[in-house]
Amino acid sequence: MSRALALLLCLCARVGAAQEPIFVTPPVTMYQFGGVAGVDVERAGRTTAVSTEAAIGLLPPWTVSVHAVGIDDPRAAFELARVHVGTRVRLVKVDRPREWLLLSAYGAVALPAGDAAREVAESHAVPDALFGLSAARMARGGDSFGDVAVARVPTPAGSRTVGTFGLAWGWRPRPGGYGDLEGQLFGEARMQYAERGVAVLGLAPGFLVHSKNTVFKLGVLFPVWEREVEADPVVRAAVKVLF
Amino acid sequence: MSQMMIPAALAALILALTRPGLGQAPAAGDSLRLNVDGMVCSLCAYGVERRLKKIEHVEGVRVELDSGLVVLTLRLGTAVSDSVLAAEVRRAGFALRGVTRFNRRRTEEGTR
């Protein structure tokens, strides 16, 4: 149970995620006829979740994505848990010199899968569907993000609703020129609330480095407060390429 | 008095018509300096660069992140309108605030 909740903190955030930050979903939509593809590896206790995502921009304010999650549990063989189809729509974008503000809405649903996949999704709380709003202010000195999402998670008894709320602050110590290797340090906070009063608050330090169209990011999510459950720390690393 | 005004008006007209960035086709080999709002990091710049490189006649693209500038070099004898540039920057997800045009041939003549 605790491991499932810890994993869910990240799996909710990952669908539709582009390049920043690490656990909090960013609102990026601007990939017309291009996109982003990446691999995320997440470790919680002895369980590893591997996911891949590709997002394609059909219009500047509209992207669609495909996201697959597989779980490697020491008690069983690697199993594909869910394939999600998602979309993201830009609601507001304000461009200023060396700064932009963006608000977007996103959603994803899982494609039908077999009983084996459903069992894995249930045991590791991989969502069937989710909807969220995310906002960002990005600037040369650093970025800040906010995200609210609601997910429907399968359980052996049916399903339950889980809400997440995330905030992230980023700082670029040395903003570089275009093509230079550039880094950003992140501090993130995520809170999750589930039906029947389950709640988890996690804090995550992390960093990312990128150069042109390639991003690598790594973060560790530490549960600092739990009610009814004891969540494990989660390590998450991701590589993404824009094309 | 009116005899003096006619050459002056002609000169003003010629100056206005040959001044870059006022709707006429730019001269051959122009460099364009684009002020792009919203570019904050390499990933933003990559998107802008990728879109602008697809424009016909664009020979080179150079991004200056700190100043929010993109410098385009066009092939000799070609031109790109402001509306095309604005559309491509918008498709990359950003806003074009202004374009400054530099005529390569005129600059070379001026330095001789």
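This is a predicted model: local features need pLDDT of at least 70, side-chain atom pairs count only at pLDDT 80 or more; totals for chains, interfaces and linings use all residues.
Residues are numbered from 1 along each chain as its sequence is written, while chains are lettered from A and ligands numbered from 1 in the order in which they are written.

Helix α3 of chain B spans residues 82–91; helices here are DSSP runs of H or I with at least four residues, strands are runs of E with at least two, and both are numbered from the N terminus. Its buried residues are Leu85(B), Glu88(B), Val89(B) and Arg91(B). Down the axis of α3(B), these fall within an arc of 160°, so they line one face of the helix. (The arc is taken over the directions from the helix axis to the C-beta atoms.) "Buried" means that 20 or more other C-beta atoms lie within 10 Å of a residue's own, "exposed" means 12 or fewer, and "partly exposed" is in between, with C-beta atoms placed from the backbone. The buried residues of α3(B) pack against β1 (31–37), α2 (42–53) and β4 (95–102) of chain B; contact means C-beta atoms, placed from the backbone, within 7 Å.

Val89(B) turns up again among the contacts of Val48(B), which also touches Val36(B), Met39(B), Val63(B), Val70(B), Ala92(B) and Phe94(B), leaving aside residues up to four places away in sequence. In the largest nonpolar core, 46 residues in total, Leu34(B) and Val48(B) touch the most other members. Such a core is a set of buried Ala, Val, Leu, Ile, Met, Phe, Trp, Tyr and Cys residues joined through C-beta atoms within 7 Å. The largest share of this core, six residues, comes from α2(B).

Next comes the contact between the chains. Chain B puts in 20 residues and chain A 23. On the side of chain B that touches chain A, α2(B) gives the largest share, six residues.

Most residues other than glycine have a negative phi. Arg98(A), though not a glycine, has a positive phi of about 60°. Arg98(A) sits in the loop between β4 (79–96) and β5 (99–110) of chain A, and is buried, with 21 other C-beta atoms within 10 Å. Lys212(A) also has a positive phi, near 50°, and is partly exposed, with 19 other C-beta atoms within 10 Å.

Technical notes:
Two residues are in contact if their C-beta atoms, placed from the backbone, lie within 7 Å.
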